[in-house]
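Thanks for coming. Please have a look at it first.

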Amino acid sequence: MNLAKFSEMFDKKKTFRPKKKFQPGTMKYSLHKQAQASLNSGINLRQVVKLPKGEDFNDWLAVHVVDFFNRINLIYGTVCEQCSKESCPTMSGGSKFEYLWQDGIKYKKPVHLPAPQYISLLMDWVETQINDEQLFPVTTDIPFPKSFQPQCKKILTRLYRVFVHVYVHHFDRIMSIGAEPHVNTCYKHFYYFVTEFDLINEKEFAPLQEMTRKICTDIIAPPTPTEPHKPLFPPDSGGHSKHK
């Protein structure tokens, strides 16, 4: 997928949030460019998401969280005019799935919100996380905190819900501007990444299960005998309730 062409599919004025960028000369910028080059080359997306040899997983995770935030912002920006509190009075993914908002600060308990308000709060919350240099260090002399991976899991889980809402309720808009192949590629990249590293609870995928089965068909390359696949951190211990 050519990301320049992908961006051209959308009205830049409708980007939901300013794009988060990495500073040239930093390790994360280099990893970001490496990931972009691989994605632009059109190679197997399951291979693209694998951790490059010799690289730190936390750096790889950080650049992907920021990139996914930027792309999902762009995708939602194309449908936000059709996503109003009248057309989408709940943040849902069909009749069986509704997401309640809770941030532990202003919204201490889960609350029902219209989809645009939920997504606006979600994007504000994610932007606060990725701009926190204690959580997302910008230099190698600052270590990643122990909370980094759990917080990234939470960020990715919530961003996935935007995919769910857009696919279920606004995909006609995506199709009308001819962006379906590009959005599908973004979705596949996201899905392969989070499943490669077990970053999202399996139950979160239920609303898009059938679609995922149809479009995520890249063949998984078997691990080499000398380098078997190993989990990079223990399985999530919980806290990924669908209604939070």
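One term before the residues: buried means under 20% relative accessible area, exposed means over 50%, and partly exposed is what lies in between. Keep in mind as well that this is a predicted model.

Start with the fold. The chain has nine helices and zero strands, so from the N terminus on, as the assignment is defined, the elements run α-α-α-α-α-α-α-α-α. Of its 244 residues, 48% count as buried. The chain exposes about 12600 Å², and carbon and sulfur atoms supply 54% of that area. As for contacts between residues at least 6 apart in sequence, 79% join residues at least 24 apart.

Now the charged pairs. How many salt bridges does the structure hold? There are four, and I will go through some of them.

Lys50 and Glu196 meet through their side chains in a salt bridge, at 3.5 Å from N to O. Is Lys50 buried or partly exposed? Its relative accessibility is 29%, so Lys50 counts as partly exposed. Glu196 comes out at 19% and therefore counts as buried; the cut-off is under 20%.

Phe197 and Val49 are 148 residues apart in sequence, yet their C-alpha atoms are 9.2 Å apart in space.

Another salt bridge joins the side chains of Glu204 and Arg161, at 2.9 Å from N to O. Here too the pair links distant parts of the chain, 43 residues apart: Glu204 is in the loop between H8 and helix H9, and Arg161 is in helix H6. Are these two buried or exposed? Glu204 counts as buried because its relative accessibility is 0%. Arg161 is buried too, with a relative accessible area of 1%.

The salt bridge between Arg213 and Glu210 has an N to O distance of 2.6 Å. Both residues lie in helix H9, three residues apart, which is about one turn of the helix. Arg213 has 49% relative accessibility, so it counts as partly exposed; exposed would need over 50%.

Back to helix H6, where Gln149 lies. The side chains of Gln149 and Asn58 are joined by a polar contact of 2.8 Å. At 19% relative accessibility, Gln149 counts as buried.

Last, the aromatic side chains. The structure holds 19 aromatic pairs. One of them is Phe163 with Phe190: the ring centres are 5.4 Å apart and the planes stand at 70 degrees, so the pair is edge-to-face. Phe163 is in helix H6 and Phe190 in helix H8, 27 residues apart, and the pair links distant parts of the chain. Both Phe163 and Phe190 are buried.

Which rings does Arg158 lie over? Arg158 lies over the face of Trp101, at 4.3 Å from the ring centre. The charged end of Arg158 also sits over the ring of Trp125, 4.5 Å from its centre.

That is what I have for today.

How values were computed:
Residues are numbered from 1 along each chain as its sequence is written. This is a predicted model: local features need pLDDT of at least 70, side-chain atom pairs count only at pLDDT 80 or more; totals for chains, interfaces and linings use all residues. Side-chain values use heavy atoms; hydrogens and water are left out. Buried means under 20% relative accessible area, exposed over 50%, partly exposed in between (1.4 Å probe, protein chains only). Helices (H or I, at least four residues) and strands (E, at least two) are DSSP runs, numbered from the N terminus. A polar contact is a pair of N or O atoms within 3.5 Å; within protein, one must be able to donate a hydrogen and the other to accept it, and residues adjacent in sequence count only if both atoms are side-chain atoms. Contact means heavy atoms within 4.5 Å. Accessible areas come from the Shrake-Rupley method with a 1.4 Å probe; for residues, only the protein chains shown count as cover. Rings of Phe, Tyr and Trp (its six-membered ring) pair if their centres lie within 6.5 Å; planes under 30 degrees apart count as stacked, over 60 as edge-to-face and the rest as tilted. A charge sits over a ring if NZ of Lys or CZ of Arg is within 6 Å of the ring centre and within 35 degrees of the ring normal.
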